Amino acid sequence: MAIFRQYIAPVLVVLVFLIALVAVSARIFIPADMAAPAPTEEVSPQLDNAQVNFTNAIASGSDALAKLNEVIAPCLV
């Protein structure tokens, strides 16, 4: 038990300290915009990055499929 108390436990304490030191010091090398804490409020999407309204895309897709069917159907008969 004395070996653990004199040699192993201090080494473990120093290793944990060094790992924590490296983890905290790594923030120095992260770019400034990534080093900031994450925002906690909800961010509203901007118009440039807004998602596409898929209801119109599905409707236009079904029209395209109908036209494709008109073209392909005579070839299959």
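This is a predicted model: local features need pLDDT of at least 70, side-chain atom pairs count only at pLDDT 80 or more; totals for chains, interfaces and linings use all residues.

Trainee: What pattern does the chain follow along the sequence?
Mentor: Start with the element count: there are 3 helices and 0 strands. Reading along the sequence then gives α-α-α.

Trainee: Which element has the lowest mean pLDDT?
Mentor: The chain averages a pLDDT of 76, and 69% of the residues score at least 70. At the top end sits α1 with a mean of 94, while the lowest, at 67, belongs to helix α3 (residues 54–76).

Trainee: How far apart are the end C-alpha atoms of α1?
Mentor: Work out what to expect: α1 has 24 residues, so at 1.5 Å a residue the helix should span 34 Å. The model agrees with that, with the end C-alpha atoms apart by 34 Å.

Trainee: Where in α1 is the kink?
Mentor: Look for the proline, P10. Shortly before P10 the helix kinks by about 35 degrees, and the residue there is I8.

Trainee: Is F4 buried, partly exposed or exposed?
Mentor: F4 lies in helix α1 (residues 2–25) and belongs to a nonpolar surface patch that includes I3, Y7 and I8. Buried would need under 20% relative accessible area and exposed over 50%. F4 has 43%, so this residue is partly exposed.

Trainee: How much of the chain is buried?
Mentor: The chain exposes about 7500 Å², with carbon and sulfur atoms supplying 70% of that area. Out of the 77 residues, the buried share is 1%.

How values were computed: Residues are numbered from 1 along each chain as its sequence is written. Side-chain values use heavy atoms; hydrogens and water are left out. Patches are made of residues with over 30% relative accessible area and no salt bridge: like charges are joined within 9 Å, nonpolar side chains (Val, Leu, Ile, Met, Phe, Trp, Tyr) within 5 Å. Accessible areas come from the Shrake-Rupley method with a 1.4 Å probe; for residues, only the protein chains shown count as cover. A salt bridge is a side-chain nitrogen of Lys or Arg within 4 Å of a carboxyl oxygen of Asp or Glu. Helices (H or I, at least four residues) and strands (E, at least two) are DSSP runs, numbered from the N terminus. Buried means under 20% relative accessible area, exposed over 50%, partly exposed in between (1.4 Å probe, protein chains only). pLDDT is the predictor's confidence in each residue, from 0 to 100. The expected span of a helix is 1.5 Å times one less than its number of residues. The bend at a residue is the angle between axes fitted to the seven residues ending there and the seven starting there.
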